[in-house]
Amino acid sequence: MPETDLKRQLAERFREVNGVHPMTDADDAYVSAQFVALEELCAVRGRDADEVRRLMLGQRLPLPGYLRSDGAEMVPADLFALADEAGGVDPLAAWFTAHWADPATGRAEWRAYLSGQYVCLRSVTPATIQRKEHLTTAIGAAVNEPDAGSAPRSDRLHDLVDELDALQTAFTAYDRLRFGGPTSRDTCVDAVRARFPRP
């Protein structure tokens with residue numbers, strides 16, 4: 001199948017998952033700084049870009065995180081790291097889902113991983129996905145405690161926020177459109193720091 005057909009199919013699939021939203025110049029600049037074009041990554045890693053697109057369309061590797069305005073499929077620089085760690089693309093799904101004790105949760109996280117929408121994490125692994133979930137839950141509970149603003153509680157809260165901040169990317173305006181509102185950085189990092197400033 002010609003490359004143009006695969007690129008078109010992948011772009012269509014991306015828009016099915018993410019909706020159709022404009023990428024501004026600021027979005028493009030952010031994405032170009034944080035991610036790498038699929039073609040470039042494949043050239044560096046000695047992989048065939050068409051085959052990678054087939055794997056993405058076949059739900060064996062995650063979709064690109066973004067489509068830049070020029071149509072470039074933007075992916076994390078460590079796109080192939082999990083497959084390499086798992087021993088290849090074939091065992092990747094089983095390896096990935098085995099990181100969750102509940103098989104249904106593992107399968108749900110696998111589907112989320114394949115969507116390419118884990119653009120919130122600097123490095124997407126089962127461990128960082130689980131840690132992000134733990135931290136956002138803990139932060140959500142901590143801000144609702146009656147003494148959330150007290151010094152001991154504030155220190156603990158800021159430790160959680162700082163750890164989440166270190167795991168996460170900055171996001172861009174495009175993300176707020178496709179996710180339909182504020183990002184986890186907006187609600188669990190920026191808003192919490194504004195509401196509970198450091199003493």
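In helix H8, the buried residues are Pro-126, Thr-128, Ile-129, Lys-132, Leu-135, Thr-136, Ala-138, Ile-139 and Ala-142. Here buried means under 20% relative accessible area, exposed means over 50%, and partly exposed lies in between (1.4 Å probe, protein chains only). Helices (H or I, at least four residues) and strands (E, at least two) are DSSP runs, numbered from the N terminus. The structure is a predicted model, in which local features need pLDDT of at least 70 and side-chain atom pairs count only at pLDDT 80 or more, while totals for chains, interfaces and linings use all residues. Residues are numbered from 1 along each chain as its sequence is written, and side-chain values use heavy atoms, with hydrogens and water left out.

H8 covers residues 126–142. Its 17 residues reach 24 Å from the first C-alpha to the last, close to the 24 Å expected at 1.5 Å a residue; the expected span is 1.5 Å times one less than the number of residues. The cover over the buried residues of H8 includes helix H5 (81–86), helix H6 (92–97), helix H7 (103–114), helix H9 (151–167) and helix H11 (184–195).

Within H8, Thr-128 counts as buried at 14% relative accessibility. Its side chain reaches the backbone oxygen of Ser-123 at 2.7 Å. This is a polar contact, meaning a pair of N or O atoms within 3.5 Å; within protein, one must be able to donate a hydrogen and the other to accept it, and residues adjacent in sequence count only if both atoms are side-chain atoms. Not counting residues up to four places away in sequence, Thr-128 touches Leu-121, Ser-123 and Leu-167, where contact means heavy atoms within 4.5 Å.

Zooming out, the chain has eleven helices and three strands, running α-α-β-α-α-β-β-α-α-α-α-α-α-α from the N terminus on. Its C-alpha trace spans about 60 × 40 × 30 Å along the principal axes. Of the 199 residues, 46% count as buried. Among contacts with a separation of 6 or more, 69% join residues 24 or more positions apart. The accessible surface comes to about 9,900 Å², with 54% belonging to carbon and sulfur atoms; such areas come from the Shrake-Rupley method with a 1.4 Å probe, and for residues only the protein chains shown count as cover.

Helix H4 (residues 49–57) has Ala-49, Asp-50, Val-52, Arg-53, Leu-55 and Met-56 buried. Just after H4, Gln-59 takes a positive phi of about 60 degrees. This residue sits in the loop between H4 and strand S2 (66–67) and is partly exposed, with a relative accessible area of 46%. Most residues other than glycine have a negative phi, and most peptide bonds are trans.

Phe-171 also has a positive phi, of about 70 degrees, although it is not a glycine. It lies in the loop between H9 and H10 and is buried, with a relative accessible area of 8%. Thr-169 belongs to the loop between H9 and helix H10 (173–178) and is buried at 4%. Leaving aside neighbours within four places in sequence, Thr-169 is in contact with Tyr-30, Val-119, Cys-120, Leu-121, Arg-122 and Arg-185.

In helix H11, Val-189 is buried, with a relative accessible area of 0%. Its C-alpha lies 5.6 Å from that of Val-161, 28 residues apart along the chain. Not counting residues up to four places away in sequence, Val-189 touches Val-161, Leu-164, Asp-165, Gln-168 and Ser-184.

Finally, a search of the whole structure finds zero disulfides, a disulfide being a pair of cysteine sulfur atoms within 2.5 Å. Cys-120 is in none, as the nearest cysteine sulfur, that of Cys-188, is 11 Å away, too far for a bond. Cys-120 is buried, with a relative accessible area of 4%, and Cys-188 is buried at 11%.
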